[in-house]
Amino acid sequence: MNFLNVEELQRLFLFLLRRIFQSIFVLFGLSILIFLLSRVLPGDPARMALGARAPQETIQRLRDEMHLDEPLLQQYQIWFTNALGGDLGDSLRTRRPVVDDIVEFLPASMELVLLAGVISAIGGITLGTLSARHKDSWIDNLVRVISYMGVVTPAFVVAIIFLTFFTTAEFGLDLFPPIGRLSSGFEPPPRVTGLYTVDSLLAGQFDTFVNALHHLILPSLALALGSLSQEARITRSTMSDNLTRDYIAAERALGIPERTVTGKFLLKPSLIPTVSIFGLDFAANLSNAFLVEVIFNWPGISRYATTAMLYKDLNAIAAVILILGVTFIVVNILVDLVVGILDPRIRLRGARSD
Amino acid sequence: MRKLLVLTLLLLLVFSAVAFAQDGERQLRITFSWPTAIDPAAGDDFSSSHALINLYDTLGYPDKNNEVQPWLAESWEISDDNLTFTFNLRQGVMFHDGTELLASDVVYSINRLNDIGEGFAYLVPDAAAAALDDYTVQFTLDQPDPLFVPRLLRLYILNEDLVRANYDMESTLYGEHGDYGRNWLLTNSAGSGPYMVIDYPLVGYLEMARWDGWWNAENFVENVADVVTYVDTTEAATVRSLMLNDELEITDNWQTIEALQSLDAIDGIDVKAFRSLTAFYFMMNTRLAPLDDVHCRRALAWAYDYDQVVALEWPGTVSMIGPVPRNIDGHTSDLTIYSRDLDKAREELAQCQYADNIADYPIDVHWISQVPAEEQFALLFQANMADIGVPVNVLSTPWGTVVENASTQETSPHIVTIYTASDWPEAGFMLQQRYHSSTANTWQQNEWLLDEDLDARIENSLLIMDQEERYAEYASLQREIADQAYSLFLYDQRNKHAFKTFVDWHPEENSGVMGYQIFAPFIGVDS
């Protein structure tokens with residue numbers, strides 16, 4: 001790496017500060033929007049939480065507890081003040097602090113989405129590169145067909161297909177466990193990050209690590225396939241464009257080996273659009289994982305959020321949307337940084353505008 | 001490429017070795033629709049009832065004839081004025097932590113349930129409870145209640161000391177009781193039942209281990225499960241994979257007819273359909289034109305094809321006769337029984353005040369989006385009503401909207417399609433929850449009867465001490481409700497579960513009260 005001198009570090013720091021400052025406003029706006037939207041969803045949340053036969057006084061107690069009879073502005077004020085202190089309220093469905101729910105369910109989804117991200121990045125770039133290097137050959141055509149299928153097939157359909165063919169001996173190979181994060185008989189590892197694979201390695205529990213990874217593969221593959229296909233197409237397209245550039249012809253003329261040309265001079269600049277799309281896909285997967293989580297009985301945040309919407313679990317809805325908002329923002333900042341590393345012109349442009 | 005292939009093969013080998021390690025425990029795994037609340041003062045739905053019954057004991061136990069048999073209580077006496085109930089508790093009953101269950105625990109449990117007011121609190125009267133000694137508990141009522149003992153089947157006895165030790169005193173919700181142990185009881189059990197919680201992360205699964213110190217352990221069936229797991233899914237593809245993979249013994253009762261038929265066709269899997277206390281209604285808003293005219297309502301009732309309705313359900317399903325399912329005590333068949341008769345339908349329609357311009361009054365039928373099978377009944381209704389010239393709009397409505405709509409007369413639709421279960425197999429309970437004004441703003445009653453006379457008759461019928469007289473009054477109420485065609489009575493629902501044939505399970509030998517059909521101590525697992 002030939003950047004990150006003191007001046008650039010300063011610029012990076014300022015860039016981060018600026019983005020974080022902007023993000024605060026984005027999150028504030030998001031919190032108002034989601035607070036209002038969740039309250040116009042049909043259904044009395046207290047009645048839905050307590051059931052048709054709960055006495056009116058019990059319903060009223062819950063309404064009072066949640067300040068549901070206060071004016072909207074006051075409700076928001078109370079919620080916002082508590083949220084600043086780290087209290088996002090109680091979930092109407094699980095009946096415990098939403099923060100506890102998030103701590104429980106977010107790592108499960110993160111683990112899924114992280115592995116899906118790794119699979120889609122490696123798979124997408126590899127397939128895209130192969131396709132570009134063998135443009136218009138049978139390899140290119142094969143990757144094209146696979147990519148189109150991956151893009152148009154929703155993740156839950158892929159999940160059902162995987163479940164049917166790779167978890168039972170009826171149609172295919174009984175290779176993977178159908179549901180959950182660990183097999184029966186395995187204790188979750190001592191909690192550090194909440195990611196079972198990481199925590200089990202930290203605790204030196206190799207059996208648990210293998211079991212957790214075994215459970216992760218099918219759902220994350222199902223989730224990854226759409227973004228993998230998209231990234232493969234984009235990588236292929238950008239690389240094909242760059243292949244015709246003069247500097248590539250010059251490097252070839254200088255006798256630089258093809259592998260070096262592709263790996264060092266062609267791939268790097270071609271990855272910029274892929275990385276941008278990857279960032280969006282990664283964050284979107286966190287909220288799109290709902291059906292995959294349902295099918296694999298995965299106790300994740302996406303499933304939690306969708307159920308919260310259906311049952312008008314106000315605090316849970318607001319908290320999860322904020323978490324998703326933060327994830328989008330963080331991932332996008334990271335993407336900007338990576339794009340800066342990949343393309344010096346963007347860094348230089350950034351420097352001039354500063 | 002070769003390296004990649006070798007690595008993949010190695011990984012698969014490791015996975016296989018780890019994945020198929022078996023620990024030799026006898027397991028009973030059942031899928032359920034979530035959430036499952038295991039706090040006795042919170043849970044009251046299908047999965048929660050099944051969990052509570054396996055984790056906690058109650059004073060009595062309902063047999064297949066719905067008679068309450070001694071359980072924690074060895075006997076009980078009722079005073080001559082029917083106001084005082086004295087229960088003599090079995091001695092030596094141990095909670096899961098090894099401490100003894102005493103009368104004070106019973107008093108604590110009813111007080112906690114009524115203070116919190118959720119779950120089954122609506123069913124258990126707020127009676128004054130007192131522990132006369134360690135093994136005698138007395139309840140005093142304000143007015144006689146012939147159904148007090150059955151109501152106590154929803155009083156699950158908690159270990160007072162254990163719950164108190166887990167109060168969150170930072171909460172001020174219940175005064176001196178802090179949070180009443182609610183947070184702790186979300187994921188833990190404090191009972192004396194045949195199973196105890198070993199792992200409950202709130203979603204995903206509920207894992208329970210057999211409690212060999214159970215007072216009735218000698219009656220565990222020989223091959224009873226060591227571990228019972230409720231699995232949080234009803235997704236058909238997942239359920240099917242689990243069954244095929246020998247990771248599920250009994251499915252939930254929300255599988256579609258097609259899914260069940262497909263499972264039934266697999267060797268080693270069978271389907272059981274057995275009685276329930278649930279019925280399927282088209283609830284008609286009697287305050288909304290043209291359904292505010294009894295003749296219009298009757299016209300719809302005579303025009304609907306009930307034979308076609310049951311043909312869409314699992315074989316053996318039967319049409320309802322009147323507003324109360326036929327396996328509920330106090331049901332009567334001596335009332336107007338509607339069947340498809342277009343002549344009668346047209347006759348009634350002619351008498352309806354909206355007959356001349358009925359086309360101007362399209363009837364909206366809301367079916368619940370989360371239960372796709374309901375749509376076919378709504379479409380059949382639409383087609384049947386076209387035969388008498390009544391226009392029908394079929395609308396898919398999410399459950400949240402159904403609940404919201406039900407809260408006011410103005411927003412309640414003409415018809416909403418709903419399954420509802422009686423709390424106890426006695427007609428008065430079903431009549432109360434379906435037609436009494438107390439449920440008029442809930443999803444349990446779209447009819448909006450708000451009829452004070454009817455309310456008083458329902459309330460009084462439930463207080464009649466003599467069973468024969470009580471049933472006669474129930475019959476009279478059913479006749480009136482059928483005659484007025486407040487609802488369309490579609491069918492008595494049967495619970496349907498696919499199960500592995502090695503599971504020795506006889507739900508029909510148990511009471512129809514929700515939760516008792518999957519009572520794990522009496523289910524054998526032969527695999």
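1. Overall make-up of chain B. In this predicted model, chain B contains 16 helices and 18 strands, and its C-alpha atoms occupy a box of roughly 80 × 70 × 45 Å when the box is taken along the principal axes. The radius of gyration of chain B is 25 Å, which agrees with the value near 24 Å that a compact globule of 527 residues would have.

2. Burial and contacts in chain B. Of the 527 residues in chain B, 49% are buried.

3. Helix α3 of chain B. This helix covers residues 103-116, has 14 residues, and reaches 20 Å from its first C-alpha to its last, which is close to the 20 Å expected at 1.5 Å a residue. After α3(B) comes Gly117(B), whose phi is positive, near 75 degrees.

4. What α3(B) packs against. The buried residues of α3(B) include Val106(B), Ile110(B), Leu113(B) and Ile116(B), and also Asp105(B) and Arg112(B). The elements of chain B against which the buried residues of α3(B) pack are the strands β5 (84-89), β6 (128-133) and β7 (136-140), together with the helix α5 (160-165).

5. Surroundings of Pro70(B). Is Pro70(B) buried or partly exposed? Pro70(B) counts as partly exposed because it has 14 C-beta neighbours inside 10 Å, where a buried residue would need 20 or more. Leaving aside residues up to four places away in sequence, Pro70(B) touches Gly60(B) and Ser75(B). Asp341(B), by contrast, is 271 residues from Pro70(B) in sequence and 49 Å from it in space, C-alpha to C-alpha.

6. Contact between the chains. Between the two chains, 44 residues of chain A are in contact with 40 residues of chain B. On the side of chain A that touches chain B, at least two residues each are supplied by α2 (45-50), α3 (56-65), α7 (155-166), α9 (206-243), α12 (290-295) and α13 (301-310) of chain A. Helix α9(A) gives the most to that side, with four residues. Sorted by class, the side of chain A that touches chain B has 20 nonpolar, 13 polar and 11 charged residues.

How values were computed:
Residues are numbered from 1 along each chain as its sequence is written. Chains are lettered from A and ligands numbered from 1 in the order in which they are written. This is a predicted model: local features need pLDDT of at least 70, side-chain atom pairs count only at pLDDT 80 or more; totals for chains, interfaces and linings use all residues. A residue is buried if 20 or more other C-beta atoms lie within 10 Å of its own, exposed if 12 or fewer, and partly exposed in between; C-beta atoms are placed from the backbone. Two residues are in contact if their C-beta atoms, placed from the backbone, lie within 7 Å. Ala, Val, Leu, Ile, Met, Phe, Trp, Tyr, Cys and Pro count as nonpolar, Asp, Glu, Lys and Arg as charged, and the others, Gly among them, as polar. The radius of gyration is taken over C-alpha atoms; the globule rule is 2.2 Å times the number of residues to the power 0.38. The expected span of a helix is 1.5 Å times one less than its number of residues.
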